[in-house]
Amino acid sequence: MRASDLLKPRPEGLYCPPGDFFIDPVRPVERALITHGHSDHARSGHGSVLATRQTLDIMALRYGEDFAGTTQAAVLGETIDLTGVSVSFHPAGHVLGSAQIAVEHRGMRIVASGDYKRQKDDTCQTFEPIPCDIFITEATFGLPVFRHPPDTEEIARLLKSAAQFPERSHLIGAYALGKAQRVMRLLRDCGYDRPIYIHGALAKLSEYYQRQGIDLGQLDPATVDSAGKDDFAGAIVVGPPAAFADRWARRFPDPISCFASGWMRIRQRAKQGGVELPLIISDHADWDELTTTIKETGAAEIWVTHGREEALVRWCELEGIAARPLHLVGYEDEGD
Ligand SMILES: [Zn+2]
């Protein structure tokens, strides 16, 4: 069979005709397989959803218990038969619950990796390369300029600044699912044991991470109403990036604006966003991780879903690996 008979792009997302399901559809469909809980991949309103237990839990937290008609939890590494098509979920290392989805039929295996990274992250399971005929990869940071430094180095810079300016607060913009909890876990790993103050938008997900056994230490609400402004002198406050544009952020004493994202590699971008302390911490693979992973899967063909497709496709061609961009639309990752 041809690969495009097993998985093909449709306006709703990647579609598997023999299995009659979509992977990470951007519009409501009958049957959806979902790689992870970021809002551009996990949408509400599908007839049925197959995803890991943690992704289902995260979707319920974000959309309410009735986010889909029916749900089924996929156990990592176990094969499920969907009308003759074998599917299995494998860790992607992106955020808690994130998975790659392997689709196998008549001797052909395609792996849709969703979003992934290879850097160590104690808030989720480590990526596992799955041998396959075709590997579908994202390319959010698919340019050689994107090389993420070790995350502990970035946190060390933050802690140095906090020590240097004990009277000021440090406001860290970090996406509500994954990045925020990873930053908090990293702070603990680097020995920071004071309470971390969090914006209300992070509360439910952070509590869920803690319940799943990921120790984030003491988290207190970052509400100035109940405390005096001075109580936040020297504090580290974490909130979603959008919160930093509103009045909430101006309540803190002489705040230093920080943002944890792979895009912080681009100085111009940090400057335009008014970020004083850019932290290059990403939940996506950088250029080296993308190219290493492609080689490790042994795939003869690569499909590139979203991001900087052209450079990665060109790299594959130079390496003698067939590659093509899928031009899927609707994926603006909330967790870069
Ligand atoms: Zn994502």
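Modeller: A pocket is an open set of grid points with protein on both sides within 12 Å along at least five of seven lines, and a residue lines the pocket if it has an atom within 4 Å of a point. Keep in mind that this is a predicted model. Rolling a probe the size of a water molecule over the atoms shows where empty space is left.

Start with the largest pocket. Its space comes to about 220 Å³. The residues lining the largest pocket are Arg 157, Met 264, Arg 265, Arg 267, Gln 268, Ala 270, Lys 271, Val 275, Pro 278 and Ile 280. By type, this lining holds 5 nonpolar residues, 1 polar residue and 4 charged residues. Helix H6, residues 267-272, gives the most to the lining, namely 4 residues.

Next come the cavities. A cavity differs from a pocket in that the probe fits inside but cannot get out. Searching the whole structure turns up 2 cavities of 30 Å³ or more.

The largest share, 3 residues, comes from S11. Sorted by type, the lining of the largest cavity has 6 nonpolar, 7 polar and 2 charged residues.

The second largest cavity holds about 30 Å³. Around it are Gly 93, Lys 117, Arg 118, Gln 119, Lys 120, Asp 121, Cys 124, Gln 125, Thr 126 and Phe 127. This lining divides into 2 nonpolar, 4 polar and 4 charged residues.

The largest nonpolar core has 33 residues, and Leu 158, Ile 172, Leu 187 and Val 238 touch the most other members. Elements that give two or more residues to this core include helix H3 (151-164), helix H4 (179-189), helix H5 (203-211) and strand S17 (277-279). H4 gives the most, with 5 residues. For a view from one member, take Ile 172: beyond its neighbours within four places in sequence, Ile 172 is in contact with residues including Leu 158, Val 183, Val 238, Phe 244, Cys 258 and Leu 279. There is also a second, separate core of 28 residues, with Cys 16, Val 103, Met 108 and Ile 134 among them.

Gln 210 sits in helix H5. Gln 210 counts as partly exposed because its relative accessibility is 28%. Setting aside residues within four places in sequence, Gln 210 is in contact with Asp 215, Leu 216, Gly 217 and Leu 219. With Gly 217, the side chain of Gln 210 reaches the backbone oxygen at 3.2 Å. Ile 58 is 152 residues away from Gln 210 along the chain, and the C-alpha atoms of the two are separated by 13 Å.

The other residue is Ser 48, found in strand S5, residues 46-52. Ser 48 has 19% relative accessibility, so it counts as buried. Not counting residues up to four places away in sequence, Ser 48 touches Glu 30, Arg 31, Ala 32 and Thr 70.

Note on methods:
Residues are numbered from 1 along each chain as its sequence is written. This is a predicted model: local features need pLDDT of at least 70, side-chain atom pairs count only at pLDDT 80 or more; totals for chains, interfaces and linings use all residues. Side-chain values use heavy atoms; hydrogens and water are left out. On a 1 Å grid over the protein atoms alone, a cavity is a set of points where a 1.4 Å probe fits but cannot get out, and a pocket is an open set with protein on both sides within 12 Å along at least five of seven lines; lining residues have an atom within 4 Å of a point. Grid points are joined across faces, edges and corners, and a volume is the space filled by probe spheres set on the points. Ala, Val, Leu, Ile, Met, Phe, Trp, Tyr, Cys and Pro count as nonpolar, Asp, Glu, Lys and Arg as charged, and the others, Gly among them, as polar. A nonpolar core is a set of buried Ala, Val, Leu, Ile, Met, Phe, Trp, Tyr and Cys residues joined through side-chain atoms within 4.5 Å. Buried means under 20% relative accessible area, exposed over 50%, partly exposed in between (1.4 Å probe, protein chains only). Contact means heavy atoms within 4.5 Å. A polar contact is a pair of N or O atoms within 3.5 Å; within protein, one must be able to donate a hydrogen and the other to accept it, and residues adjacent in sequence count only if both atoms are side-chain atoms.
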